[in-house]
Amino acid sequence: MTNRRATLAPTSARRAAGMLAGLALGAALLAGCSSNGADTDCGLDACTITFDRGVEASASILGVEAKLIGTQDDQVTVEVAGEQLSLTTGQQATEVGGFQVSLDSVTDQNVVLRVARNPNS
């Protein structure tokens, strides 16, 4: 009786190592989000931030800080990447610090902001 060891072919080992590295990178990027008074939903190039109204709300996403400064009717003031912006629901996205920032919605409880990397930067 002969005992043989099962070994992975070099191609399979490289493929498995590449998949593990990709998963680790993706987890590290998504774990880089943090918030206070907000919920974040992030992908590789964009995040949707749902700020709670009436509290000091902020989120650290995509390597920048986003803060809710104030709201009045359907207009909000936010600070993204150190710059203050006044946004209105339905307004075209505004560019700031290599990001496109837009206001998705404003309710009595929440403000929903979308921050995406500018593909042209």
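The following questions and answers concern a predicted model of a single chain.

User: What pattern does the chain follow when read along the sequence?
Analyst: In this predicted model, the chain has 1 helix and 10 strands. Read along the sequence, these elements are arranged in the pattern α-β-β-β-β-β-β-β-β-β-β.

User: Is Ser58 buried or exposed?
Analyst: Ser58 is placed in strand β4, which covers residues 58–61. A residue counts as buried when its relative accessible area is under 20%. Because the relative accessible area of Ser58 is 16%, Ser58 is buried.

User: With which side chain does the side chain of Ser58 make a polar contact?
Analyst: A polar contact requires a pair of N or O atoms within 3.5 Å. The side chain of Ser58 meets this at 3.4 Å, and its partner is the side chain of Glu65.

User: Which cysteines form a disulfide?
Analyst: Sulfur atoms of two cysteines must lie within 2.5 Å to be taken as a disulfide, and the count for this model comes to 1 disulfide. The sulfur atoms of the pair are 2.0 Å apart, and the residues that form the disulfide are Cys42 and Cys47.

User: What is the handedness of the link of Cys42 and Cys47, right-handed or left-handed?
Analyst: Both Cys42 and Cys47 are buried. The angle about their S-S bond is 115 degrees, and the link is right-handed.

User: What share of the accessible surface of the chain belongs to carbon and sulfur atoms?
Analyst: Of the 121 residues of the chain, 26% count as buried. The accessible surface of the chain comes to about 7800 Å², and the share belonging to carbon and sulfur atoms is 48%.

Note on methods: Residues are numbered from 1 along each chain as its sequence is written. This is a predicted model: local features need pLDDT of at least 70, side-chain atom pairs count only at pLDDT 80 or more; totals for chains, interfaces and linings use all residues. Side-chain values use heavy atoms; hydrogens and water are left out. Helices (H or I, at least four residues) and strands (E, at least two) are DSSP runs, numbered from the N terminus. Buried means under 20% relative accessible area, exposed over 50%, partly exposed in between (1.4 Å probe, protein chains only). A polar contact is a pair of N or O atoms within 3.5 Å; within protein, one must be able to donate a hydrogen and the other to accept it, and residues adjacent in sequence count only if both atoms are side-chain atoms. Accessible areas come from the Shrake-Rupley method with a 1.4 Å probe; for residues, only the protein chains shown count as cover.
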